[in-house]
Amino acid sequence: MLNKYARAFFTRVLTPFAALLLRLGVSPDAVTLIGTAGVMAGALVFFPMGEFFWGTIVITLFVFSDLVDGNMARQAGISSRWGAFLDSTLDRVADGAIFAGFALWYAGRGDDNILCAVAIFCLASGQVVSYTKARGESIGLPVAVNGLVERAERLVISLVAAGLAGLHKFGVPHIDILLPIALWIVAVGSLVTLIQRVVTVRRESAEADAASAASGPADR
Ligand SMILES: CCCCCCCC/C=C\CCCCCCCC(=O)OC[C@H](COP(=O)(O)O[C@@H]1[C@H](O)[C@H](OP(=O)(O)O)[C@@H](O)[C@H](O)[C@H]1O)OC(=O)CCCCCCC/C=C\CCCCCCCC
Ligand SMILES: Nc1ccn([C@@H]2O[C@H](COP(=O)(O)O)[C@@H](O)[C@H]2O)c(=O)n1
Ligand SMILES: [Mg+2]
Ligand SMILES: [Mg+2]
């Protein structure tokens with residue numbers, strides 16, 4: 001949903017910045033790599049220490065690089081298969097670091113085995129949700145469904161909650177409850193999304209197999 005409705009807005013806002021980076025000689029690949037490194041540092045340095053406010057600030061500074069890199073590539077007319085591969089692959093790395101950061105907190109000083117497990121479930125299910133689309137498309141299916149909770153939703157729900165939960169350290173009472181709530185929402189939402197995508201791929205592959213059986217040998 002966010003990908004559909006918010007992308008156009010962010011494209012307008014980020015286009016001048018993307019143009020500036022191109023004029024400075026920065027490449028889209030460099031933005032992809034630096035953005036991922038920044039997200040990883042924010043998540044894996046701050047979250048395991050329970051510094052959710054500062055971790056979220058650092059991650060937010062870098063996570064928008066994922067919208068800037070493609071914008072730069074399109075403006076410069078240098079969108080490439082390699083760029084698409086690098087972008088998607090490093091998305092998985094960045095997402096893994098964010099939910100690993102939460103899991104490490106709950107495995108350590110956060111001391112909550114259930115929330116640690118929920119964070120690990122968010123990590124794994126998010127990766128599988130993205131994989132369903134990538135694998136479905138690689139076998140020639142349209143995978144014409146995005147589902148309830150795509151990557152943008154996973155990030156916005158968990159990062160907004162983490163940033164606000166971090167205000168607990170500044171004296172805001174009870175606000176830390178937002179992070180567990182967000183993790184549960186992302187976990188359940190990712191499971192629903194996974195089921196939506198698997199059902200779609202199952203239907204599309206049955207249709208494609210039936211069509212190729214009618215016209216010749218199956219191509220798998
Ligand atoms: C005192 C208050 C303190 C609180 C501090 C809060 C600070 C702000 C907190 C959070 C901000 C979070 C922003 C997160 C922005 C995410 C942007 C982003 O990178 O989105 C990526 C997304 C997808 O990009 P791609 O097409 O490159 O990726 C594809 C995708 O990953 C597919 O995965 P799948 O969906 O299938 O699982 C893969 O299949 C594919 O391979 C891959 O290529 O981009 C978008 O979706 C574009 C839309 C972005 C919308 C961002 C909205 C941000 C909105 C609000 C944030 C600010 C809110 C502030 C609230 C403050 C509260 C007080
Ligand atoms: N280093 C890069 C990064 C991205 N691309 C191209 O942009 C597409 C992704 O667009 P986003 O707005 O989601 O970043 C991607 O599929 C590539 O075509 C690139 O070429 N090089
Ligand atoms: Mg990108
Ligand atoms: Mg991306």
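User: Leaving aside neighbours within four places in sequence, which residues is Cys-122 in contact with?

Analyst: A contact list shows what surrounds a residue in the fold. In this predicted model, Cys-122 is in contact with Phe-99, Leu-183, Val-186 and Ala-187, once neighbours within four places in sequence are set aside. Cys-122 itself belongs to helix 6, which covers residues 113-138.

User: Is Cys-122 buried or exposed?

Analyst: Relative accessibility is the value to read, and buried means under 20%. Cys-122 has 1%, so Cys-122 counts as buried.

User: How many aromatic pairs does the structure hold?

Analyst: There are 11 aromatic pairs. One of them joins Phe-53 and Trp-54, with 4.9 Å centre to centre and 85 degrees between the planes, an edge-to-face arrangement. Phe-53 is partly exposed at 24% relative accessibility, and Trp-54 is partly exposed with a relative accessible area of 43%.

User: What kind of pair do Trp-54 and Phe-170 form?

Analyst: The angle between the planes decides this; over 60 degrees counts as edge-to-face. For Trp-54 and Phe-170 the angle is 65 degrees, with 6.4 Å centre to centre, so the pair is edge-to-face.

User: Where in the chain do these two residues lie?

Analyst: Trp-54 sits in helix 3 (residues 52-63), while Phe-170 sits in the loop between helix 7 (151-165) and helix 8 (178-215). They are 116 residues apart, so the pair links distant parts of the chain. Phe-170 counts as exposed, at 52% relative accessibility.

User: Which residues do ring pairs link into a cluster?

Analyst: The cluster consists of Phe-47, Phe-52, Phe-99, Phe-102 and Trp-105.

Terms used:
Residues numbered from 1 in each chain as written. Chains lettered and ligands numbered in written order. Predicted model: local features only at pLDDT ≥ 70, side-chain atom pairs only at ≥ 80, totals over all residues. Heavy atoms only, no water. Helix = DSSP H or I, 4+ residues; strand = E, 2+ residues; numbered from the N terminus. Buried < 20%, exposed > 50% of the residue type's maximum accessible area, 1.4 Å probe, protein only. Contact = heavy atoms within 4.5 Å. Phe/Tyr/Trp six-rings, centres within 6.5 Å; stacked < 30°, edge-to-face > 60°.
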